[in-house]
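Thanks for coming. Please have a look at the structure on the screen, and then I will go through a few of its parts.

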Amino acid sequence: MENKKFYITTPIYYPSDKLHIGHTYCTVATDTLARYHRLRGEDVMFLTGTDEHGQKIEDKAREAGVTPKEFVDRIVEGSGGVLDLWKLMNISNDRFIRTTDGYHVQSVQRIFKRMHDNGDIYKGTYKGKYCKPCESFWTESQLADGKCPDCGRAVTDAEEEAYFFRLSKYADRIRDLLENTDFLEPRSRVNEMVKNFIDPGLEDLCVSRTSFSWGIPVDFDPGHVVYVWVDALSNYITALGYENDRYDDYGKGWWPGVNIVGKEIVRFHSIIWPAMLMSLGEPLPKKVFGHGWLLLDGGKMSKSKGNVVDPYILAEKFGVDALRFFLMRTFPFGSDGSFSNELLIQTINTDLANDLGNLVSRTTAMTGKYFGGHLPAGCRDWASPEPWDTDLRNTVAALRDAYERDMESFAPHKALEDVFKVIQRANKYIDENAPWKLSKDMEANGGRLAHVLYTLLEVTRICGVLLTPFMPESMNKLFVQIGASSGCQTWDSAAQWGVLPEGAAVNKGENLFPRVDTAKALEELEAAAEAAREAVVRPNIEIEPQLTEKVDFDTFCKSDFRVVKVKACDAVKKSAKLLRFTLDDGTGVDRQILSGIHQWYEPEDLVGKTLVAIVNLPPRKMMGLESNGMLISAVHTEKGEEALHLLMLDDAIPAGAKLC
């Protein structure tokens, strides 16, 4: 086939400080597809990376007492970070982009200015709802029960000067793209986008922020930073050299490419991203494929929910290839899948140990036992084939085409199903021929026995070629065991019978996929998870010693602790520490309290929170403002820095409730 270029990308990931198996799903799938296209002889460019700007990263860095750049450097490049995880999972990306890379910053500034200069970006005032965890703007009608429709968290009111992108201008073209092409798959995602976003009417998109600084500056208007999704989406072309001189691949056959993304960010990739490219006059992606989530206990894996599964523990216990295989074999790509350790072990035992492992182990062992590891000449063909010979050969002959159709339609789970039907048929072939019976009379049956074993080795080789994108390291070991040289491992050879040399050196070697003792493994996984939880110790935390002086009960009862609701919160001018709270204390009259906590909290994060205050302290003046009471918080010292945490209560507790 003609050598062609194939560009495939994953979304660039927000650098989480707790990576879980869900983070690997999209990247393992994309890696598998990239390896498949390389197997076909195509020139592949596989891009992944990290999305490192935005308000939530700025906030997390402040909480950690480091700069935003130090925070993302530690999580991307540090031990157990993103790069370590991709190395563990044997991800074969050709490029890794960080949105803090200088060339990307330069490109995004130029992209923003180009869209501004052609009239698609204009200045205005944003007033609406904002979800900080998702970095998403929403209209009132798009909220689900008043909360973010993507993550279900509370949104905040936001009002600030901002630039807007004329997304509404491209509504008709986006609708046509979604409804009348196969640009977005699976088709169910199209229905979601049209119903939830196109039909209600696309509104212009806020594309700059002024309320925080950790982002790419709008170079022609200081004080504005580029909206994180405009920044992040641009990476697919900046990594090829668009509007920068770091690379020189854009316009040389790589773009447009294929974007593999999770369903929660399909909106950005199938509506905002193509609209940006339309504004720039650049080609649209060939495909956006929105896969489902890995679910645990019925919900998406999330650090905030505490329901994460550690890929390091699983890989150490079962092997990286077994983990990669499980992710691609078990869950239909495009739909949600429910993860469990029991299901992982069952998949390993059924498919890898019983089916594939059994085929390889029995075939190589019998070749070694009956023929010293080298089959005799003439074993490839048999003059009088049995019905099961023909049936197996016909099944194998149809395999590569079926596999190709499934991989090209982004259904790796179906491709694996095709392969394992052949593997299961080959195991049945062993029982049909009963080599152990043939071996009892080698003079009469030696030729037939050699042909049976050659057939099994050749089936194993072809299946091994097609399994290489999924389990590259294990298939390399398999090829060594069956004596398949590099010329026997090509895409073309997977459609040809008789490629394995008749005298190939066969060596049983190690058991590629040992059977797992389910009960023992589950017990060990729980113990490992518990050990990991116990190992997470906050470093250098100092708790202030308890006071020894006793306070009598009557004196304590004079302090009036009340539940208060934060109605408004803003920074006090000319003060780096003070925040001014307007509180509902249940009396019907707003209470003002000043608190020196700006180092740890941003005002907009506290609106709507339920706190505790002492309300019967005498008023005092700070920065010319009166403070009537004190908010209750906990304080400790961590890494030499004081850390403060406001005492927050269940929102169901009414304002004015007395603590006793």
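Does Asn90 count as buried, partly exposed or exposed? The model on the screen is a predicted one. In it, Asn90 has a relative accessibility of 22%. The cut-off for buried is under 20%, so Asn90 counts as partly exposed. Asn90 lies in the loop between α4 and β3. Its phi is positive, about 60°, although Asn90 is not a glycine.

Asp145 is another residue with a positive phi, here about 55°, and it is not a glycine either. You will find Asp145 in the loop between β5 and β6. With a relative accessibility of 81%, Asp145 counts as exposed. As background, most residues other than glycine have a negative phi, and most peptide bonds are trans.

The one from Glu185 to Pro186 is cis, with omega near -5°. Pro186 sits in the loop between β7, residues 184-185, and α7, residues 187-198. The bond from Trp255 to Pro256 is also cis, with omega near 5°. Pro256 belongs to the loop between α9, residues 235-238, and β11, residues 258-262.

Next, a helix. In α3, which covers residues 68-77, the buried residues are Pro68, Phe71, Val72, Ile75 and Val76. Viewed down the axis of α3, these buried residues fall within an arc of 115°, so they line one face of the helix. In general, an α-helix has 3.6 residues a turn, so residues three or four places apart point the same way. What do the buried residues of α3 pack against? Their partners are β2 (43-50), α2 (55-64), α4 (82-88) and β3 (95-98).

Now a sheet. Four strands make up an open, antiparallel sheet in the order β5-β4-β6-β8. Its edge strands are β5 (136-138) and β8 (205-206), each pairing on one side only. Inside the sheet, β4 (residues 121-131) and β6 (residues 156-165) are paired in the antiparallel sense over 10 bridges. Ile121 stands opposite Phe165 in β6.

Last, the whole protein. There are 660 residues, and 53% of them count as buried. The secondary structure comes to 22 helices and 25 strands. Along the principal axes, the C-alpha atoms fill a box of roughly 105 × 65 × 40 Å. Of the contacts with a separation of 6 or more, 74% are between residues 24 or more positions apart. There are 78 positive and 96 negative charges, and their mean positions are 1 Å apart.

Definitions and conventions: Residues numbered from 1 in each chain as written. Predicted model: local features only at pLDDT ≥ 70, side-chain atom pairs only at ≥ 80, totals over all residues. Heavy atoms only, no water. Helix = DSSP H or I, 4+ residues; strand = E, 2+ residues; numbered from the N terminus. Buried < 20%, exposed > 50% of the residue type's maximum accessible area, 1.4 Å probe, protein only. Contact = heavy atoms within 4.5 Å. Lys, Arg positive; Asp, Glu negative; His and termini not counted. Charge placed at Lys NZ, Arg CZ, Asp CG, Glu CD. Arc of directions from axis to C-beta. Pairing = 2+ DSSP bridges.
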